[in-house]
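Reader: I am new to this structure. Please take me through its parts by question and answer.

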Amino acid sequence: MLDDASSQVILSATAGPLPAASADAVRALADRAAAVDGVPPLSEQPLLWLAAPEAPVVHLCATVDDDLVGYAQLDVGAQTSTKAELVVDPTHRRAGVGRALLGRALAETTVVPGRTLRVWAHGDLPAARRFAEDQGMAVVRELLQMRVDLTTRPTGAPNLPTGVTVRTFVPGRDEEAWRRVNSRAFSYHPEQGRMTSADLRARESEPWFDPDGFLLAERDGILLGSVWTKVHPAGEHGAEPVGEIYVVGVDPDAQGLGLGRALTALGLDHLTSLGLREAILYTGAENTVAVHTYERAGFVRAAVDVMFGSDTPSSPAGVTMGA
Ligand SMILES: CC(C)(COP(=O)(O)OP(=O)(O)OC[C@H]1O[C@@H](n2cnc3c(N)ncnc32)[C@H](O)[C@@H]1OP(=O)(O)O)[C@@H](O)C(=O)NCCC(=O)NCCS
């Protein structure tokens, strides 16, 4: 652990898992910020990585009198760019804590020559925009959150390509085939495409995991694509529980057959059968094929997450849809 101090704020950097008490303090900080900002500042992966032994991350903690007032998590698993999410306690903002965390994040990033820093801002809040501008960072990616009213969406029997059958995921048996198709489907995607078997198993251990909502499309026993759904409990995305089309992925060899549309419809049918009234999904704003398909399924744009950086955006090579 390395320490440095600027006025009364102490910054520490930790590689490897945080102690349980520190991980709890980060979750509490994120909750305090979400209550004020109306949007959680840390997404699912950083929360899972807080205490994960093999997480490729550096944790930056800013404390005042031993109280956690700011936190940044740096995903240092890629050579070309470091991804960060950061949050400052609402009662300690405009005091330079964010600037100090970002400065340290930059220093950690440039340990590898040429590596760039990218920062996710959830909800595209005005403070984050101004903060990024102040730091000389521009928007390099946008992630759309889309929503659909499950009670009024267009329905009808999903049109599966000839010979394709659908069954539910079997834990302990289907991981490797799913991971292989997922990495092919999302080869262009910086996070989804490098999901490992350990990342998949971590999600299987989460309370929300339900194989009945994880559907695999096969032809002659070969996996062609899948739709994975999730249910958020009441309070996470509104007063009621909300469903999510968590990942839709179709193998590049099976794209263009209408499988993405059929799998999305089957995922929504499953969420509807649970009695849910609303579903969400996340997709890259530049992925026009996916956005168009989701709009045809009844989804509308609801919110946007923004990634800031100093480099230019890259565009997806294929027509894969997904979170
Ligand atoms: C964005 C955030 C991290 C800023 O943290 P902070 O500690 O308040 O930021 P700093 O005090 O270091 O501010 C640095 C500069 O950013 C700009 N800035 C920050 N917040 C601002 C706001 N609400 N309005 C206008 N400018 C703002 C200012 O130029 C500020 O300098 P100044 O105070 O000398 O004018 C904090 O608001 C936050 O946690 N937001 C929710 C999570 C989030 O959006 N994270 C993603 C950040 S890209």
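Author: Buried area is the accessible area (1.4 Å probe) that two parts lose on being put together, summed over both. This is a predicted model, in which local features need pLDDT of at least 70, side-chain atom pairs count only at pLDDT 80 or more, and totals for chains, interfaces and linings use all residues. Residues are numbered from 1 along each chain as its sequence is written, and side-chain values use heavy atoms, without hydrogens and water.

Reader: What is the area buried between domain 1 and domain 2?

Author: The domain assignment, which is automatic or from a database, gives domain 1 as 2-136 and domain 2 as 145-309. Between them, carbon and sulfur atoms give 51% of the buried area. The total is about 1600 Å².

Reader: Are α5 and α6 parallel or oblique?

Author: Helices are DSSP runs of H or I, at least four residues, numbered from the N terminus. The axes of α5 (residues 175-185) and α6 (residues 197-204) come within 10 Å and cross at roughly 120 degrees. Angles under 35 degrees count as roughly parallel, over 145 as roughly antiparallel, 65 to 115 as roughly perpendicular and the rest as oblique, so α5 and α6 are oblique.

Methods:
Axes fitted to C-alpha atoms, helices over the stretch in contact; angles between N-to-C directions. Helix = DSSP H or I, 4+ residues; strand = E, 2+ residues; numbered from the N terminus.
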